[in-house]
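Here are my notes for someone opening this one for the first time. Have a look at the model, then go through the points below with it on screen.

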Amino acid sequence: MAICASTKLHLSLKGKGHAARHVYVCVARSPEQAVERDQDGSVSTVKEGTDKRGQYALNNGFLTSSSDSYTSEEDDSQFFPKRIAFNYGFQAKFLRKDPTVPGNVFKLAFENFGREWTALRRSYLFAKLEKININKIEGGPLGIVSVYSSRGFVLFLRGFDKLLQLYDGLPKVKPDIQVVEEEVDELQKTLKKLTLSNDAVWEREKNRPPVEAPWWILGPYYVLCWMLDVIFENRPIQRFWFLETVARMPYFSYISMLHLYETLGWWRVGAEVRKVHFAEEWNEMHHLKIMESLGGDLEWRDRFFGQHAAFFYYWILNLMFLISPKVAYNFSELIEMHAVDTYGQFADENEKLLKTLPPPPVAVDYYESEDLYMYDEFQTSRLPETRRPKINSLYDVFSAIAGDEFEHVKTMVACQQLDTVIVSPHKTKITGVLGVL
Ligand SMILES: [Fe+2]
Ligand SMILES: [Fe+2]
């Protein structure tokens, strides 16, 4: 039987103020593979031949900065932004309240519909309509038609809504004015200055080793990325919120499918992988909460698009997994690697500004929690407690997320090796102690 771990990747990293050290990456191992342990506790194995898992760790520049933070000796004297509590996402207002057990589906659906219906009306009634400058419209005649028709649609809805209000067909709504402290207000304005260059993300992807996938997997992947570029142009936080909403779906889908196979009595070895997938989903949920706290879900259209996309994506993934788990994992590898590129580019592009911004409380609670069992559990390439991002600014938050996404990539690669068995990091640690490794 094969157990965890991987190709030996041995590289020295010399980051800013960090001592040179060795980084090993392990993913999945076969019985013949020897296991080695690094000074920092991570496990590695020596595998013959070349492996694409190796090139990731060796060539992805971002890995250096993101991974460095967990064992680095931080210079405490350096400037960190003042920590203030800020959470201003749309859903944060009601999704984080007690009780922990939901009410019945009708109650939840009506409550949600009420909130979203009002939010939808506010979106066209109080939208700030800037003057259209025809010379600045991109995309030629098609772009002009699309800008004017969307403006016309908003004005039509606005007029129709006001008419219905006049005849008591619809209740009156007021704009949602959030009263926030001056500091938080300043923070919100600063967040709007953050940028993400789509071209730079593609350049990043071009300059790293490609993820190997057949054309019929690459096709939908490129269409998806192109859609994200167009829909979320100049709105990086909203883009990340959308991404994190759908990013949880693969793991949820894989758990469902493995569960189904267990129930039907077809397959049970995957129970351990199911645990890893749950930890991955748990990690993605915290990424989502972070984006939410930064205001990524404030716009009605983004919530509508993101939540419906996630719903359909889940069923597509189930179908994909039914036909070929390897293909499903391959697609996830592509998406996760794209996330590494996007977050990496975002952190690099906005480094100066991000370092002046405080981390949201939800990020501090997650990354600096005393209970990081689940955080370790999805990082199958290393032993528990060997990666601990330090969160002092928003830059650290985005660096940590990029690092997490890279850990997901490695796990997705391991899942495609059908001749190996994935073992969770805590189990690896135990079996290592017992001398099984
Ligand atoms: Fe994520
Ligand atoms: Fe991810």
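1. Start where H10 and H11 meet: Tyr251, Phe252, Tyr254, Ile255, Leu258, His259 and Glu262 on the H10 side touch Ala271, Val273, Arg274, His277, Phe278, Glu280, Glu281 and Glu284 on the H11 side. By class, that contact holds eight nonpolar, two polar and five charged residues. Here Ala, Val, Leu, Ile, Met, Phe, Trp, Tyr, Cys and Pro count as nonpolar, Asp, Glu, Lys and Arg as charged, and the others, Gly among them, as polar. Contact means that two C-beta atoms, placed from the backbone, lie within 7 Å.

2. Before you go further, keep in mind that this is a predicted model: local features need pLDDT of at least 70, side-chain atom pairs count only at pLDDT 80 or more, and totals for chains, interfaces and linings use all residues. Residues are numbered from 1 along each chain as its sequence is written, while chains are lettered from A and ligands numbered from 1 in the order in which they are written.

3. How do H10 and H11 pack? Their angle is about 155 degrees, and their axes are 8 Å apart. The axes are lines fitted to C-alpha atoms, for helices over the stretch in contact, with angles running from 0 to 180 degrees between N-to-C directions. The two helices are therefore roughly antiparallel; the cut-offs are under 35 degrees for roughly parallel, over 145 for roughly antiparallel, 65 to 115 for roughly perpendicular, and oblique for the rest. The H10 and H11 crossing is left-handed, meaning that the near helix is turned anticlockwise from the far one by less than a right angle (clockwise would be right-handed).

4. H11 also packs with H17, again at an angle of about 155 degrees, with axes 11 Å apart. H11 and H17 are therefore roughly antiparallel, and their crossing is left-handed. From H11 come Val273, Val276, Glu280, Asn283, His287 and Ile290, and they meet Val397, Ile401, Asp404, His408, Thr411 and Cys415 of H17. Sorted by class, this contact has six nonpolar, four polar and two charged residues.

5. Is H11 enclosed or open? Of its 23 residues, 17 are buried, so H11 is largely enclosed by the rest of the structure. A residue is buried if 20 or more other C-beta atoms lie within 10 Å of its own, exposed if 12 or fewer, and partly exposed in between. H11 reaches 33 Å from its first C-alpha to its last, close to the 33 Å expected at 1.5 Å a residue; that expected span is 1.5 Å times one less than the number of residues. Just after H11, Gly295 has a positive phi of about 90 degrees.

6. Between H11 (271-293) and H12 (300-323) there is a loop that holds Leu298. Leu298 counts as buried because 20 other C-beta atoms lie within 10 Å. Beyond its neighbours within four places in sequence, Leu298 contacts Gly89 and Phe90. The C-alpha atoms of Leu298 and Ala119 are 9.4 Å apart, though 179 residues separate them along the chain.

7. Then comes H12, with 24 residues that should span 34 Å; its end C-alpha atoms are 35 Å apart, which agrees. Its buried residues are Asp302, Arg303, Gly306, Leu317, Met320 and Phe321, and they pack against H9 (236-247), H10 (249-263) and H13 (325-349).

8. Two backbone spots to check by eye. Asp168 has a positive phi of about 60 degrees although it is not a glycine; this residue sits in the loop between H5 (140-166) and H6 (182-191) and is exposed, with 8 other C-beta atoms within 10 Å. Glu385, also not a glycine, has a positive phi near 70 degrees. The loop between H16 (373-377) and H17 (394-415) holds Glu385, which is partly exposed with 17 C-beta neighbours inside 10 Å.

9. Finally, the chain as a whole. It has 18 helices and six strands, defined as DSSP runs (H or I, at least four residues, for helices; E, at least two, for strands) numbered from the N terminus. Buried residues make up 38% of the 437 residues. Of the contacts with a separation of 6 or more, 80% are between residues 24 or more positions apart.
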